[in-house]
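Here is a friendly briefing to read alongside the model. Please keep the sequence and the 3D view open as you go.

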Amino acid sequence: MTANILIFCAAGMLVTAYLMVGQKALFTTIRLYGVQSLLLGIVATTIAIAESRPELFVTAALTVTLKAILIPWFLMRTVDRIGIHREIEPFLSVPASLLVCLGLTVVGYRVSTGFQEGARGVGHHLIGVALSLLLIGLFLMVTRKKAITQILALLTVENAVFLVALGVTSGMPLIVELGISFDVILAVLVLGVLVRRIVGRFESMDVSRLSKLKG
Amino acid sequence: MVGLVAVGLPAALLIRLLTVAATLALARRARTCRWVALVGSMLASLLTVTVALEVIASGLSVEGVLVRHAASGIVFDYAVTPLSAWFLMVLGVVAIPTALYSAAYFSHSVVASRIAVVGTAFNVLVGSLEAVFTASGVVAFLCAWEVMTLATAALVATEHQERASRRAAYLYLVMSHIGTGCLVAGFLVLAGQAGSLSFSALLSGHVVSGPLRDGLFALFFVGFGVKAGVIPLHVWLPEAHPAAPSSVSALMSAVLITAGIYGLYRVCGFGLGVPDQNWALALMAVGMLSAILGVLYALTQTDLKRLLAYSTIENSGIIVLGLGAAMMALAHDQRALATVAVAASLTHVLNHAIFKGLLFLGAGSVVMATGTRQIEQFGGLLRRMPWTGLFFLIGALSISGLPLLNGFPGEWLTFQALLLGFTATPGLVRLNFPLAGAMLALTSALAAACFVRAFGISFLALPRSPAAGSAHESPLLMLVPQAWLATLCVGLGLVPGVALRALEGVIVSLPGLQLTSPMAEGAWGMASGIGSFDHVVPGIFGVAVLSALAFAALLTVRREAVARRVPTWACGGDLTARTEYTATAFSKPLLMIFRAVYRPRRQVDSLADVSPYFPQEVRYRTEIEPTFERYMYAPLVRLVLGSARGMRVLQAGSLHTYLAYVLVLAVILLIWLGGTT
Amino acid sequence: MIPDAFLTIGASLLQAGGMLAAAPLLRTAIKKMKARLQNRQGPPLLQGYYDLAKLIRKEPVRSETASWVYVAGPRVYFAAAVAATTLVPVLVAVAPLEAAGGILLLVGTLAFGRFALATAALDTGSPFGGMGASRDMTIAALAEPALMLGLFAQALAAGTMNLGVLVRALVQQGPSWHPSDLLAFAGLFIIVIAETGRIPVDNPATHLELTMIHEAMVLEYAGPDLALVEWASAVKELLYLTLLVNLFMPVGIATSVETEALFVALMAWTGKVFLLAIAVTVVESTNAKLRLFRVPELVSVSLGLAFLALAIRFL
């Protein structure tokens, strides 16, 4: 049962990542990130119960409150304030992006067979999904123009790292996890402020315009 | 029967030669000449079909010698192997109705005045195709191949007063000769290695190995690929097929491309030993590309015959994809899987020939009735040509791969091969198979869109031009062949097992293939051939559909008596042909969605007298980019012309210079010879 | 002992009849739930049947421009949808006509119906018919590969393309809990939305010429002809939902023909289809209709998910 829940949630995270790539409305992207984080929280809780490791409960709670509720709420507020709701044309069209992401997932999955457990265990899927998420997050950062999407992509990468940690070693030490969480929230806050500054300066949050800053 | 089989082919050849002689002799008397040419062709085809069917049924090859020249040692012999017989049968199935159709069709317009030439070329084309399929030696094969090319070129140039026809014929000749050049080179190398000119020695699979084998594969692939019309070697096809008289187009699209396929089978697939995985990848890639691009280009054509020509490219792609899958399976020693793939591909060869022949004959009737090939000028033809319309609809349903018709079995089997291939091959290569499956699904759905458009815009609603409004049904002689092919479409769709069972003999004759479980479930059904993966019995399902149809009719029959006919609401205006949806508009969404492929260009001119807000006339022009012509062939042509200019220095035009060349060459050769001995 | 042939015929008739009877209810239920989400009362649950009954009693009004193709269109569309129901297991883990074929035949049959209706739409000479036919065929063409791949993912996992055998294998194995299940389901769900003409791909309630797709195609139909089209569309929708339900959550499906098992299966099937209907309603209510040229993006997501579902199961 544990394995089933884990796999189900991991697959769900992958689906949310693909839906993120597949559409451009910022609100939906933020919501998808929220769902993804929630699924991650469930993964952590499940492992905590199955392996009776209470410190993981803290991690899970942190994940859910911070990443599934607080950060999405903050980002939505930011989007609302600046009044830009859609990603403009990304550098790569959606179908082409999906094609690339497919390749990335195949790579991620392929690599994950080389890890411990090797064959078809839970670890294989968790790591496969996590690596795919990592690559997709990076890819999103490369191809999207809006600062908000970039933040979300970064957060997806962070989720992926967390998932890898859960998959390989059943989670990082609590202190590391706490540190990362506060790092993330700080990063989001700073970036959120930065986005508003960018919009204030350029009347747009197209980060490709930042290239105008150079002399 | 045995006697007939033994002398069948020489007899057919004799009939053809006599027919050609008689046709040329009777050139003055158009009517007699026409009948002699076409009845002769039919008789000869009947003979070859009989032989072919006999070989397929018995599974035993028929061999014989036509000419033996003792002094030079050249032998023209023939061998009807089961594989040859299959293609021979496909040829006959289309050639006979086509000839009958031509008997009426050749009586009109330009063809009538050139009947001796056209009749001769028709016979030569069919005869050389028969020779290509049955030749058992390199010399005979290449001769037949070349005669086939020339005869086709002559037919393409039938309307040689038109610039487009001349250009098409020229392009066809150029491309064909590139292909033939590759073939000659390939066969020479092969013959040099084998020390023989007979196919049985050449294509035993043990002659060459290593990089040389790969090089030969590439040569043959290009050589046969040109004839098969696969992208990117297809450029001649959409020009040449429409330019020929329609019944010849039918023959070209249905059977001429299978000459290329036959070559690919004989040499690339089963003649050079166990295929390499990379060859299979090349074939699958080219097959997918041809299928998807073929149908995408077909979708935007407004010339009915060009549309059909592009759809030939698509189907050729599906056939090549099947062969590629088979080769991939052989490369991984999956014999049962290879068998399924070959069955898929060969089934589609037959079925495509039937429905494409039917569609081209229908297009011919329409073109004859309206005097144009433009779909936008048709409309409302179903009322004026009810039978042609019905047959065209059956062809359209078949080519869209819909169940109960004969486009379905081939695609069904191809899907089986692709899905089974996915589970049977190792590593990342296997991802090719679902990719190909997705492509095939997209292709068949796009084909359906394409033929909804082709049939709907041409045959339904109001006439879009006066010519379409005054069209008349074709004569009986042109309808009977279409009826025959349409019957075959439905028949082979309902009882696919018949063709498949005949095919089993062909399959086991190919090296490396073996049948683990029968693929034909009686006459009615098909099975996937490996385990119990899938099976289909269209007949049973046909009964279900018919019952449901009867139920629907029953539900509505009560009020049928009070049915009213009213004018279509045209938003308050008069309903004219100008308010109808056009073929261009129909494919516009797909044009936009696949704009990365098409790269459409459009130009809207508004002609206004007084103010730009009150245009008198709006002219809309749209074109799609001829990608391959512009980016692949144009640079190539520039390169060739450029190097030719460079070589002009050598061609000084002076006799003495040429003699000097000869002298220099002789000296060099002598020195070289002296050095080696 | 009843001969097998009669059993097959009987089961086919029963199943086709049952699907025909249940289909209008599903459509109305979705309409009703949608209305409730918008704080409206919505139609009574039996409205679907009233509409059909009324349409069938009306006089058929047809364009004088049209030929027999126009009359044949709705009938073939209807026949294809109804015949297709016999290829899918609904309550029992057996498809009545599984001897006839599997997934490919099912998809092909639905394509046949679409072909017929789209062709018929071109027959009146009205620009709307052409517009609808063009758009419908476009979306169908884009959706087809994703639909096929999604179904193939399940088929290959069970090692068969026959839906009856497939569902039996799934029941026997129990849920596989493989990531590819979820991916394939997500992919197919998007396709079902697209194929049944729901928001965000098409709007079943609109009659605005710029946005309608399926409605434009059948705009000229009236009376019994329209009844057939509407009914068949409803059957098709129920069929797609049933397919999703039984391919991914075959919980409760009857493996034997006993009253008790059948009753449980009926309850389970109704519940699961209802759940999916809620999902469809929520998607319809919370999304805006996409521009036609944005649909490929949505469909490509589903194609991607389906491909992935196939790929990762065997990597």
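Ala461(B) has 33 C-beta neighbours inside 10 Å and so counts as buried (a residue is buried if 20 or more other C-beta atoms, placed from the backbone, lie within 10 Å of its own, exposed if 12 or fewer, and partly exposed in between). This is a predicted model, in which local features need pLDDT of at least 70, side-chain atom pairs count only at pLDDT 80 or more, and totals for chains, interfaces and linings use all residues. Residues are numbered from 1 along each chain as its sequence is written, while chains are lettered from A and ligands numbered from 1 in the order in which they are written.

- Phi of Ala461(B) is near 60 degrees, a positive value in a residue other than glycine.
- To find Ala461(B), look in the loop between α18 (432-459) and α19 (466-469) of chain B; helices (H or I, at least four residues) and strands (E, at least two) are DSSP runs, numbered from the N terminus.
- Ser52(A) is not a glycine either, yet its phi is positive, at about 40 degrees.
- Ser52(A) sits in the loop between α2 (26-50) and α3 (54-82) of chain A.
- Is Ser52(A) buried or exposed? Ser52(A) is exposed, because it has 8 other C-beta atoms within 10 Å.

**Helix α9 of chain B and what follows**

- Helix α9 of chain B covers residues 211-228, and its 18 residues should span 26 Å at 1.5 Å a residue; the expected span is 1.5 Å times one less than the number of residues.
- The buried residues of α9(B) include Leu216(B), Phe217(B), Leu219(B), Phe220(B) and Phe221(B).
- Further along, Gly223(B), Phe224(B), Gly225(B), Val226(B), Lys227(B) and Ala228(B) are also among the buried residues of α9(B).
- Which helices do the buried residues of α9(B) pack against? They pack against α7 (163-194), α11 (246-269), α12 (277-300) and α13 (304-331) of chain B.
- Just after α9(B), Gly229(B) takes a positive phi of about 75 degrees.

**Cis peptide bonds**

- Ile231(B) and Pro232(B) are joined by a cis peptide bond, with omega about 10 degrees.
- Pro232(B) belongs to the loop between α9 and α10 (237-243) of chain B.
- In chain C, the peptide bond from Ile199(C) to Pro200(C) is cis, and its omega is near 10 degrees.
- Pro200(C) is in the loop between α7 and α8 (214-217) of chain C.

**The sheet in chain B**

- Three strands form an open sheet in the order β3-β4-β5 (chain B), with antiparallel pairing; two strands pair if DSSP finds at least two bridges between them.
- β3 (520-521) and β5 (535-536) of chain B stand at the edges with a single partner strand each, so one side of each has no neighbour in the sheet.
- β4 (residues 525-527) of chain B pairs with β5(B) in the antiparallel sense over two bridges.
- The bridge partner of Met526(B) in β5(B) is Val536(B).

**Domains and chain A**

- The domain assignment, which is automatic or from a database, gives chain B a domain 1 (2-210 + 230-515) and a domain 2 (632-676).
- The C-alpha centres of these two domains of chain B lie 40 Å apart.
- Chain A has seven helices and zero strands.
- Of the 215 residues of chain A, 48% count as buried.

**How the chains meet**

- Two pairs of chains are in contact, and chains B and C share the most contacts; two residues are in contact if their C-beta atoms, placed from the backbone, lie within 7 Å.
- No contact joins chain A and chain B, and their closest C-alpha atoms lie 9 Å apart.
- Between chains C and A, 18 residues of chain C are in contact with 25 residues of chain A.
- On the side of chain C that touches chain A, α7 (179-195) and α11 (295-313) of chain C each supply at least two residues.
- α11(C) gives the most to that side, with eleven residues.

**Confidence**

- Chain C averages a pLDDT of 91, and 99% of the residues score at least 70; pLDDT is the predictor's confidence in each residue, from 0 to 100.
- Among the elements of chain C, α11(C) has the lowest mean pLDDT (89), and helix α4 (residues 103-121) of chain C has the highest (96).
- For the complex, the predictor gives an ipTM of 0.96 and a pTM of 0.92.
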